[in-house]
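Here is a brief report on one protein chain. Please look over the sequence and the structure before reading on.

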Amino acid sequence: MNGKIFDAFTRTGVEGTVVLLNEHDIPLDTVEAKATRDDARFKIYVPAEQATYQFKVSASGYKSQSLVYRIKHVARRFQIELPSFYLEKNDSDVYKSIGLEEVVVKGTKVRFTYRNDTLVYNASAFNIHSGSMLDALIRQLPGAELKQNGDIYVNGRKIDYLTLDGNDFFKGKNRIVLDNLPYYIVKELRVFEQDSEQNQFLDSHAARKDYIMDVRLKKEYATGYTVNMGGGIGSGHRYLGRLFAMRKTHHSNWSVFGNTNNTNETQLPNYGGDWNPERAVEGLVSTRQLGTYLTINEKDRKWKETMSATAKWKKNDASIQQTKYEYHSLGNLVSNIANSDVSRLSGLDFFNRFILQKPFKLFTTAKIDYSKVKDVSYSLLEMNALSKNYDGHAEKHSLNSSASVTYTTQLPTGDNLNISIKGDYLRNRPNRDDEEYAVRYLLLDSTEIRNSSINKTRQESNYSFNGQYVMRFINNLLLSGQVTYEKRRTHADDIYKENSMTDLFNSRSFVNSANVYSTGLNLSYDYFHNQKSIRMSVYFPLEYTDERIRYNSLQLDTLAKRRELHIKPSYFFELNNDGLHMESSYSVDVQSPEMSIILPVVNNFEALTTYIYNPGLKNSIEHIFNFLIAKSNSNTGRSFSAGVTLTARKNALGRKLTFNPEKGHYTIGNGNVNGNWRMSVGLGYHFDWGKQKKISTDIKSSFDYLRNVDYVLSYYVPRDELSKVNTLLSDTKMVSYYRHKQLTLGTNVHFLWRKSMSIRTDFSRVSAFEYDYGCNVSYTIPQWGVDLSSDVKMFSRRGYTSASMNTDNFIWNVSVSKNVIKNKLNVKLVGFDILRNLSNYKFVVDAQGYTETIHNTAPSYVMLQALFMLSKK
């Protein structure tokens, strides 16, 4: 039996205690109501039979309320929705905040605890400098990890998205929330599992639920407005500016944000020494964004509206130095590339979601995403007996839109009938690439100069109809069946020109269409009681595709067809019990090669490359298995996680490379290869120790073994011989913090070892390692109200072929800040990469060779920043 608890006046969710009694006033069970997106919900289990029960609901600061409910009809219903509880405030609580003196209780605060199945972090238990945003708080959470792109992991599991007081907030755009929400208005962070909003609407209770981090605001900031406005100017013409404004009521949230900077976005100092040259932003990035977000929830939950829109402009000035080694028995093929690229992107995206609950249930979405990219590049390639100079100008316009409508109704039996219609449209036009290059053949003592252009246009559309019937059984079992029809269509025109003349041999046009008929059965089990929950599901889908392509070119004019039947079974299991989480999953994915690349045609438009398509390509099949176990104990301050992922691919797409050393010419074909697989093992451990547990330590380790299979590089004549390379990656990181009053000290150590091996005689073994170590300090001088932060880190690399990659980089960042007006105006002086040692590099190895790449990245700078913050109820 499900129920909801609200504040009688504000209509917001209220967490409380629910006691179940029988008709003779004998207590049977007690549960807690937990806040979700829009309310506070509870679930309580009773036998599936006619009976009369009493519900007594109580919450701190509210008058208790009772309800007598009689179950008259069960059928196959495994759950019943109770009337909502609307609690009134106690008279004494209305005035309790007036005229009272503040009482300060000193002591060691608990950083995290568990409430039923919810992990709760106490925001006030961490030392956060004034002027900091939400990201600074999340970085200090025990067992949590914040990636540079805004992804958050807690005990080894990725957070699907952030919510604010139970409601979606810039969903899928974590960085906006992390960089703009002030930490001082946050009361706590709650981490839990929850059905997606669409699954809640459908009442489907999917086995695999979303993993949510809900940001709960302090009571005084739960309604009102919050404004952040700041900017900075620094050396080397560095600058930044930003604006964030949020107006929040009990039933609505309207936010506006804007930012501009040329500091490579997320490359901010004082990240606790969490630096890695491999993750540094590539190139010199200038960005501007302007956006808004609006959500309105009707007070009686009859409807809900969510809308977001973002406009963005981005410029990236990138330079690349790359060395590529390709294995061959006659000697490795080595190529050096120097590339300079300036790209400009502008775009606009819009999203709308409307949910209607009464008088009938309807779920609608609409999305539009438009982008325009202009790119100017120059490159120099040196390889064996040739060199190539290249100038390119490219422009691409892309429009992507989608819409969906879902209707659901519950039948008298308790079963659900769901009907949905979806449509998508994609257009890339124009998609133009103009090239001018000169190839110098040293052995032939000749030079080839070409001017060419490629214009590729694409229009893709698809629509689908889906019907689903969900049968519910009283033993928590759910059986659902669905049928889907989908229509896909792609229209492509590829026009190749050389010296303003159309290349009829390589130009082509095709229309690819498909009718897809699918059906599937899903059996799931969902049990939840207090701190224990068990979820599992088994899914058997069946998909039949009738596809055809109308292809027209000088080489081939044909109508080709194919029909395929795919089965992609999967299962999922999850257990949660008092801080213990365990999950396991398995899935099969079948990918068919595009029909446009399995026709007997050739493309030789590029001066140094000929592509040969292969009609004999088979479908690739991928098997994925995951297992994760995690355990947290708030009493001891310890948490542990361990996980393993196995991935194996059959008929993977391999590249057949044939090289002509005199002409520097590649012939590239495709074929299917077997034997590719990967195993990844991850371990994580957090513990608090020392006097009053003021020291916390996080240890994370991962071990990966990769088996990579592809075709060997051939000279002159193609061969089907396979190259097999095994790579071992071992990565361990340990971070410790000591916190005492206004002082935080941190240390970090990281070691990565990579080893690649093969039985091939021409293979150059790779045994390289990277290690780094550093420390950071953060201190607030109470007498002056000045915040000091600094971090240093030594990053070293050894064992790489290129001497330019075997380096030591000592990185030092520092910041000094002061609140001129408490929680109103903050002034900060920042020093980024003071010693000018930060770089960006990447190393990739596969069965055909390895590549070492160095990118330019943000230069060091000193910047003076000012941030104005205002929050008011």
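Asparagine 651 sits in the loop that links strand 38 (638-650) to strand 39 (652-660). The model is predicted. The relative accessible area of asparagine 651 is 12%. The cut-off for buried is under 20%, so asparagine 651 is buried. Setting aside neighbours within four places in sequence, asparagine 651 is in contact with Lys618, Asn619 and Ser620, and also with Asn672, Val673 and Asn674.

Valine 820 belongs to strand 48. Its relative accessibility is 52%, and the cut-off for exposed is over 50%, so valine 820 counts as exposed.

Valine 820 is also part of a nonpolar patch on the surface. Its members include Tyr738, Leu745, Val777, Tyr779, Leu788 and Val816. Ile821, Val827, Leu829, Val862 and Leu864 belong to the patch too. Together the patch residues have about 920 Å² of accessible area.

Which strands each supply at least two residues of the nonpolar patch? They are strand 46 (766-781), strand 48 (808-821), strand 49 (825-832) and strand 52 (861-872). Strand 48 gives the most, with 3 residues.

Now the protein as a whole. Its secondary structure comes to 4 helices and 52 strands. The radius of gyration is 30 Å, close to the 29 Å from the globule rule for 873 residues, so the protein is as compact as a globular protein of that length. Further values follow.

| Property of the protein | Value |
|---|---|
| Box filled by the C-alpha atoms, along the principal axes | roughly 100 × 70 × 50 Å |
| Residues that count as buried | 49% of 873 residues |

Among contacts between residues at least 6 apart in sequence, 65% join residues at least 24 apart.

Strands of a sheet pair through backbone hydrogen bonds, in either a parallel or an antiparallel sense. Here, strand 12 (residues 152-154) pairs with strand 13 over 2 bridges in the antiparallel sense. Which residue of strand 13 is the bridge partner of tyrosine 153? The partner is lysine 158.

Note on methods
Residues numbered from 1 in each chain as written. Predicted model: local features only at pLDDT ≥ 70, side-chain atom pairs only at ≥ 80, totals over all residues. Heavy atoms only, no water. Patch = residues over 30% accessible without salt bridge, like charges linked within 9 Å, V, L, I, M, F, W, Y side chains within 5 Å. Areas by Shrake-Rupley, 256 points an atom, 1.4 Å probe, with all protein chains shown as cover. Salt bridge = Lys/Arg side-chain N within 4 Å of Asp/Glu carboxyl O. Buried < 20%, exposed > 50% of the residue type's maximum accessible area, 1.4 Å probe, protein only. Contact = heavy atoms within 4.5 Å. Rg over C-alpha atoms; globule rule 2.2 N^0.38 Å. Pairing = 2+ DSSP bridges.
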